[in-house]
Amino acid sequence: MLCFQCEQTHSGTGCVIRGVCTKTPEVAAIQDLMIFASAGLSYVAKKLPDSCEAERKEAASLVIQALFSTVTNVNFDADVLTKALYHLVDFRDALKAKLPEDVELPLAATLDFSRDRETLVKQGESYGIASRQKTLGIDVTGLQELLTYGMKGMAAYAHHAAVLDYRDPDVDNFLLEGMAALTDHSLDIQALLAVVMRCGEASYKTLALLDKANTSSFGHPVPTNVKMGPSKGKAILVSGHDLLDMKELLEQTKDTGIKVYTHGEMLPAHGYPELNKYPHLAGHYGGAWMLQRQEFINFPGPIVMTTNCLMEPRKEYAGRVFTRDLVGWPGLTHLPDRDFSKVIEAALESEGFTEDQESRSHIAGFGHHTVLDSADAVVSAIKKGDIKHFMLVGGCDGIKSGRHYFTDIAEKAPKDWVILTLGCGKFRVTDLDLGKIGDLPRLLDMGQCNDSYSAIRVALALAEAFDTDVNSLPLSLVLSWYEQKAVCVLLALLHLGVKGIRLGPTLPAFITPNMLKILVDNFDIKPIGNSAEEDLQEILAAK
Ligand code: FSO
Ligand code: SF4
């Protein structure tokens with residue numbers, strides 16, 4: 001296997017024996033084939049006659065699900081992934097009957113996928129990254145991977161919107177176009193870069209679509225005090241990003257006496273009026289995703305993983321974990337729909353928390369609607385000099401110790417700077433007491449990484465208010481990345497022309513020196529510096 005799609009990749013170069021995430025070579029090979037088959041299906045779907053709109057939409061749905069299933073820490077179950085692969089390939093083959101006769105098809109659209117697991121895994125190994133590096137070179141392969149990861153992130157966000165019945169034909173069309181482009185090995189660096197930039201445009205549309213889906217379904221987030229610890233009573237913990245799962249679970253538990261807690265990226269659920277109206281949405285438990293193996297042991301009730309990030313469960317709590325939707329781990333209980341009765345049963349049988357715990361609180365819910373509602377006050381605070389600068393410190397959290405930088409830069413920023421945060425990277429700054437500027441807290445939690453659109457909206461609105469462009473605003477972006485959704489957000493920002501983004505804790509392994517030169521020349525992307533102090537000095541000097 002060779003996988004280097006996430007930040008924790010082995011030695012910063014690639015997982016080759018087994019994933020640092022514990023992904024096995026078997027799962028890696030099947031996931032590579034899911035990408036290969038999705039590219040073939042996309043090619044076929046693009047060539048269908050105009051009348052086949054429904055088939056194209058179904059093809060896009062299957063591609064979205066396949067891509068999301070291969071995002072880091074989503075699905076580790078070879079049986080489930082293989083079944084999804086065969087379903088996708090069968091659909092691809094059925095669609096081929098509808099093609100005009102003279103259409104020439106690439107290998108990804110014609111390859112027979114073995115029904116024998118061992119042979120299938122060997123097939124996967126021959127269509128993975130390493131084989132393309134040999135035939136296409138590292139730069140073209142690196143750009144194909146950048147495009148693929150951007151689309152994986154897009155697929156995750158598009159899937160969340162689709163669950164709420166929101167689809168955008170532009171997003172579906174781009175995903176088919178971008179995946180089909182992977183079958184064209186004649187594309188050179190420039191041609192692939194153009195597709196990557198279109199991926200950025202489609203990523204922005206996907207983030208806007210998801211914002212519309214979430215806010216139309218659950219209301220605009222409002223600033224909400226969240227208790228960051230448990231209270232006495234039976235308990236269920238919900239992790240991941242799927243707000244509809246959360247809503248259904250809250251509805252089904254409302255007369256049971258069970259308290260529902262958020263974990264990791266589910267924290268922003270507290271800000272949504274349609275979720276917060278349930279008094280038994282009791283608080284938040286734990287920190288970011290990578291702490292789950294310690295934190296879940298001590299949670300006295302069932303745990304629902306709605307999306308990434310799932311880590312290898314420890315035996316002490318594996319029997320209490322329920323996976324939903326595309327999430328999978330061999331042997332864990334999977335819930336095929338939103339009937340949470342098994343979870344409720346498990347909660348009632350569990351001990352629950354035996355006493356209230358004193359805890360600090362955190363204010364969630366500073367979505368674009370709330371921040372822009374106070375836009376006049378913010379603009380006048382900037383004009384008066386009370387607010388000198390905005391800094392977005394957010395993205396993903398992860399295991400590496402270098403991530404302390406993100407805490408440091410927020411903590412050491414001048415007191416007249418406002419810190420925006422989002423994504424699970426927020427847990428690096430949520431413990432800080434940064435105080436207020438006037439009535440405005442200095443730390444504004446804008447939500448999940450899924451809510452990156454909020455930060456973009458605020459930046460664009462400020463640029464409009466000051467009749468300038470985003471790059472001329474007193475705004476710095478310091479992004480932490482871990483997996484492929486962060487690539488989608490980064491490409492959306494590049495599409496909007498945002499320059500000077502600082503990225504860390506390390507640069508992606510799939511970025512070759514030539515690709516880095518292009519990113520630096522065109523977008524002034526920089527790795528985070530040796531220390532937060534140095535970078536703050538640099539930002540101040542550039543003002
Ligand atoms: Fe982060 Fe990833 Fe959203 Fe996680 S992008 S690492 S728990 O999936 O979620 O901010
Ligand atoms: Fe390694 Fe990350 Fe790939 Fe897992 S997802 S195999 S940790 S690069």
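The legends below describe close-up views of a predicted model, one region at a time. Residues are numbered from 1 along each chain as its sequence is written, while chains are lettered from A and ligands numbered from 1 in the order in which they are written. Because the model is predicted, local features need pLDDT of at least 70 and side-chain atom pairs count only at pLDDT 80 or more, whereas totals for chains, interfaces and linings use all residues.

**View 1. Domain 1 against domain 3.**
The protein chain is divided into domain 1 (10-217), domain 2 (224-349) and domain 3 (367-542), with bounds that come from an automatic or database domain assignment. The centres of domain 1 and domain 3, taken over C-alpha atoms, are separated by 30 Å. To their contact, domain 1 brings 31 residues and domain 3 brings 25 residues, two residues being in contact if their C-beta atoms, placed from the backbone, lie within 7 Å. On the side of domain 1 that touches domain 3, the elements that give two or more residues are α7 and α9 (189-218); helices (H or I, at least four residues) and strands (E, at least two) are DSSP runs, numbered from the N terminus. Helix α7 gives the most to this side, with 14 residues. By class, the side of domain 1 that touches domain 3 has 16 nonpolar, ten polar and five charged residues, where Ala, Val, Leu, Ile, Met, Phe, Trp, Tyr, Cys and Pro count as nonpolar, Asp, Glu, Lys and Arg as charged, and the others, Gly among them, as polar.

**View 2. Helices α6 and α7.**
Helix α6 (residues 129-136) packs with helix α7 (residues 138-163) at an angle of about 135 degrees, and their axes are 7 Å apart. Axes are lines fitted to C-alpha atoms, for helices over the stretch in contact, and angles run from 0 to 180 degrees between N-to-C directions. The two helices are therefore oblique to each other, in a scheme where angles under 35 degrees count as roughly parallel, over 145 as roughly antiparallel, 65 to 115 as roughly perpendicular and the rest as oblique. The contact is made by Ile-129, Arg-132, Gln-133 and Leu-136 of α6 together with Ile-138, Val-140, Thr-141, Gln-144 and Glu-145 of α7.

**View 3. The shell around ligand 1.**
Of the 14 residues around ligand 1, those that come nearest are Trp-289, Cys-396, Gly-423, Cys-424 and Cys-449; a residue is near a molecule or strand if its C-beta atom, placed from the backbone, lies within 6 Å of it. Domain 2 and domain 3 each supply at least three residues to this shell, and its residues divide into seven nonpolar, four polar and three charged.

**View 4. The shell around ligand 2.**
The residues around ligand 2 include Cys-3, Cys-6, Cys-15 and Cys-21, and also Lys-23 and Thr-72. By class, this shell has six nonpolar, five polar and one charged residues.

**View 5. The sheet that runs from β4 to β7.**
Six strands form an open sheet in the order β4-β3-β2-β5-β6-β7, with parallel pairing; two strands pair if DSSP finds at least two bridges between them. The edge strands, β4 (281-284) and β7 (333-335), each pair on one side only. Within the sheet, β5 and β6 pair over three bridges, and Ile-303 has Val-321 of β6 as its bridge partner. Helix α10 (residues 243-252) lies across β2 (235-239), β3 (259-262), β4, β5 and β6, and runs at about 165 degrees to β2.

**View 6. The sheet that runs from β13 to β16.**
A further open sheet has six strands in the order β13-β10-β9-β14-β15-β16, and the pairing is parallel. Strands β13 (443-445) and β16 (526-527) stand at the edges with a single partner strand each, so one side of each is left without a neighbour in the sheet. Strand β15 (residues 502-504) pairs with β16 over two bridges, and the bridge partner of Arg-502 in β16 is Lys-526.

Most residues other than glycine have a negative phi, and most peptide bonds are trans. A cis peptide bond joins Asn-308 and Cys-309, with omega about 15 degrees, and Cys-309 has its place in the loop between β5 (303-305) and β6 (321-324). Another cis peptide bond joins Gly-504 and Pro-505, with omega about 5 degrees, and Pro-505 is in the loop between β15 and α19 (513-523). Ser-11, although not a glycine, has a positive phi of about 55 degrees and is found in the segment before α1 (25-47).
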